[in-house]
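Here are my notes on this entry, in numbered points. Please read them beside the model.

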Amino acid sequence: MALRLTVNGETHSLDIEADTPLLWVLRDELGLPGTKFGCGAGLCGACTVHLNGQPVRSCSTPVEMAADGEVTTIEGLGSGDRLHALQQAWIDHGVPQCGYCQSGQIMSAAHLLATNPSPARDEIVAAMTGNLCRCGTYSRIIAAVESVVAGEKPAQEEA
């Protein structure tokens with residue numbers, strides 16, 4: 001099946017089976033390894049990307065659902081060489097341990113802040129509930145999101 005897929009602002013024409021999970025198209029066809037395979041059932045959130053501005057689990061989203069849509073991955077979240085504020089906050093707060101779930105975590109947090117720029121702590125916790133971290137970095141994740149909400153300057157800009 002031929003379809004068009006726009007990922008991180010770049011449009012691709014693909015000849016691919018319609019039921020291929022979006023995750024494998026991103027990773028294997030387009031060479032974007034930032035989105036991770038976790039559970040394969042859409043339960044852990046490691047594979048979260050944005051489709052038309054909404055978070056979706058790319059492991060359980062057939063690529064045909066994304067055809068003619070706009071997909072944003074962790075690679076497309078920042079702007080050029082500049083990290084997204086959440087990506088910098090993740091670094092500043094030392095959030096990642098094994099790092100495996102972090103791209104999905106950041107994509108979920110980015111959606112939260114896009115829809116609610118000033119969430120309360122309980123709203124952050126609720127928004128991040130669907131993303132699992134086997135290292136248990138939840139308190140650092142919340143602190144990182146709260147720092148972006150508070151407008152804290154990234155460490156690299158403080159020097």
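Which residues in helix 3 meet which residues in helix 6?

1. Ala85, Leu86, Ala89 and Trp90 in helix 3 meet Ile141, Ala144, Val145, Ser147 and Val148 in helix 6. Contact means heavy atoms within 4.5 Å. The residues of this contact divide into 8 nonpolar, 1 polar and no charged. Here Ala, Val, Leu, Ile, Met, Phe, Trp, Tyr, Cys and Pro count as nonpolar, Asp, Glu, Lys and Arg as charged, and the others, Gly among them, as polar.

2. On the basis of these notes: this is a predicted model, in which local features need pLDDT of at least 70 and side-chain atom pairs count only at pLDDT 80 or more, while totals for chains, interfaces and linings use all residues. Residues are numbered from 1 along each chain as its sequence is written, and side-chain values use heavy atoms, with hydrogens and water left out. Helices (H or I, at least four residues) and strands (E, at least two) are DSSP runs, numbered from the N terminus.

3. Now the geometry of that helix pair. Helix 3 (residues 85–92) and helix 6 (residues 138–149) pack at about 130°, with axes 9 Å apart. That makes helix 3 oblique to helix 6. Axes are lines fitted to C-alpha atoms, for helices over the stretch in contact, and angles run from 0 to 180 degrees between N-to-C directions. Angles under 35 degrees count as roughly parallel, over 145 as roughly antiparallel, 65 to 115 as roughly perpendicular and the rest as oblique.

4. An open sheet is formed by 5 strands in the order 2-1-5-3-4, with mixed pairing. Strand 2 (10–15) and strand 4 stand at the edges, each with a single partner strand, so one side of each has no neighbour in the sheet. Two strands pair if DSSP finds at least two bridges between them.

5. Strand 3 (residues 48–51) is covered on both faces: Thr48 and His50 on one side, and Val49 and Leu51 on the other, are all buried. Buried means under 20% relative accessible area, with a 1.4 Å probe and protein chains only.

6. Strand 3 runs antiparallel to strand 4 (residues 54–57), joined by 4 bridges. Thr48 has Arg57 as its bridge partner in strand 4. The two strands form a hairpin with 2 residues between them, and Asn52 in the turn has a positive phi of about 50°. Strand 3 also pairs with strand 5 (residues 70–72), antiparallel over 2 bridges. There, Leu51 has Val71 as its bridge partner.

7. Finally, helix 1 (residues 22–29) lies across strand 1 (2–7), strand 2, strand 3 and strand 5, at about 75° to strand 1.

Conventions: Buried < 20%, exposed > 50% of the residue type's maximum accessible area, 1.4 Å probe, protein only.
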